[in-house]
Amino acid sequence: MFGSLKKLFGGEEQAEKIIAAPVSGKAVPMSEVSDPTFSQEILGKGAAIIPSEGKIVAPADGLVTMVFDTKHALSVQTESGAELIIHIGLDTVQLKGQYFEAHVKAGDKVKKGDLLLEFDMDKIKAAGYSLETPVLITNHTDLKEIKNTNEAVVSNDVELIKVEF
């Protein structure tokens, strides 16, 4: 119990409050995502990535709390307390799981860099869907500050979001 409180109130190293890029590609501000649900930050604050590869990895140590049946999105609770949703593409729920492969399930503990999902970028694009991938912090009201990078990112090699509780 005290470990969780310590993490929430700053007793952990700053590095543990980094949300790394879960996929390689170009990071863009959430305001530039073409879907208003994401660009207006209705579901949470964060950043988006236009992927250059079809692999989603854990952006921090944590617990997978949900994998959507359609495998186009999942949620992770990081050890530092951030609650994340990684949503691959826009409107990709319509694909009903086609072109997505989950490597984790709800309840799995993950370490930064673990493979979570794979997706076929070419087939998703050919089906007419955008690959813009929002990375949302859903408990953003609990945070003092969120800083985004707006540059090329390599999964787990570059910080995407820095959070301060």
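This is a predicted model: local features need pLDDT of at least 70, side-chain atom pairs count only at pLDDT 80 or more; totals for chains, interfaces and linings use all residues.
## Overall make-up and confidence

The protein chain contains three helices and 14 strands. Of its 165 residues, 46% are buried. The accessible surface amounts to about 8,100 Å², and carbon and sulfur atoms account for 48% of that area.

Among contacts with a separation of 6 or more, 70% are between residues 24 or more positions apart.

The mean pLDDT of the chain is 86, and 83% of the residues reach 70 or more. Residues 1-16, however, have a pLDDT below 50, and this stretch has 13 contacts in the model beyond near neighbours in sequence.

## The nonpolar cores

The largest nonpolar core consists of 32 residues. Ile 56, Leu 74, Leu 116, Phe 119, Leu 160 and Ile 161 are the residues with the most contacts inside this core. Several elements each supply at least two of its residues, including the strands β3 (45-51), β7 (83-87), β10 (115-119) and β14 (159-164), together with the helix α3 (121-126). The strands β5 (62-67) and β6 (73-78) also belong to this group of contributors.

## Strand β5 and its partners

Strand β5 pairs with β6 in an antiparallel arrangement, and five bridges join the two strands. Within this pairing, Gly 62 lies opposite Thr 78 of β6. The two strands form a hairpin, with five residues between them. Lys 71, which is in the turn, has a positive phi of about 60 degrees.

Strand β5 also pairs with β9 (residues 109-110), again in the antiparallel sense, over two bridges. Here Leu 63 stands opposite Lys 109 of β9. In a regular strand, side chains alternate between the two faces of the sheet.

## A buried threonine in a loop

Thr 92 lies in the loop between β7 and β8 (100-102). Is this residue buried or exposed? Thr 92 counts as buried because its relative accessibility is 0%, and the cut-off for buried is under 20%.

Which residues are in contact with Thr 92, leaving aside its neighbours within four places in sequence? They are His 72, His 87, Phe 100, Ile 124, Tyr 129 and Ser 130.

Conventions
Residues are numbered from 1 along each chain as its sequence is written. Side-chain values use heavy atoms; hydrogens and water are left out. A nonpolar core is a set of buried Ala, Val, Leu, Ile, Met, Phe, Trp, Tyr and Cys residues joined through side-chain atoms within 4.5 Å. Buried means under 20% relative accessible area, exposed over 50%, partly exposed in between (1.4 Å probe, protein chains only). Helices (H or I, at least four residues) and strands (E, at least two) are DSSP runs, numbered from the N terminus. Contact means heavy atoms within 4.5 Å. pLDDT is the predictor's confidence in each residue, from 0 to 100. Two strands pair if DSSP finds at least two bridges between them. Accessible areas come from the Shrake-Rupley method with a 1.4 Å probe; for residues, only the protein chains shown count as cover.
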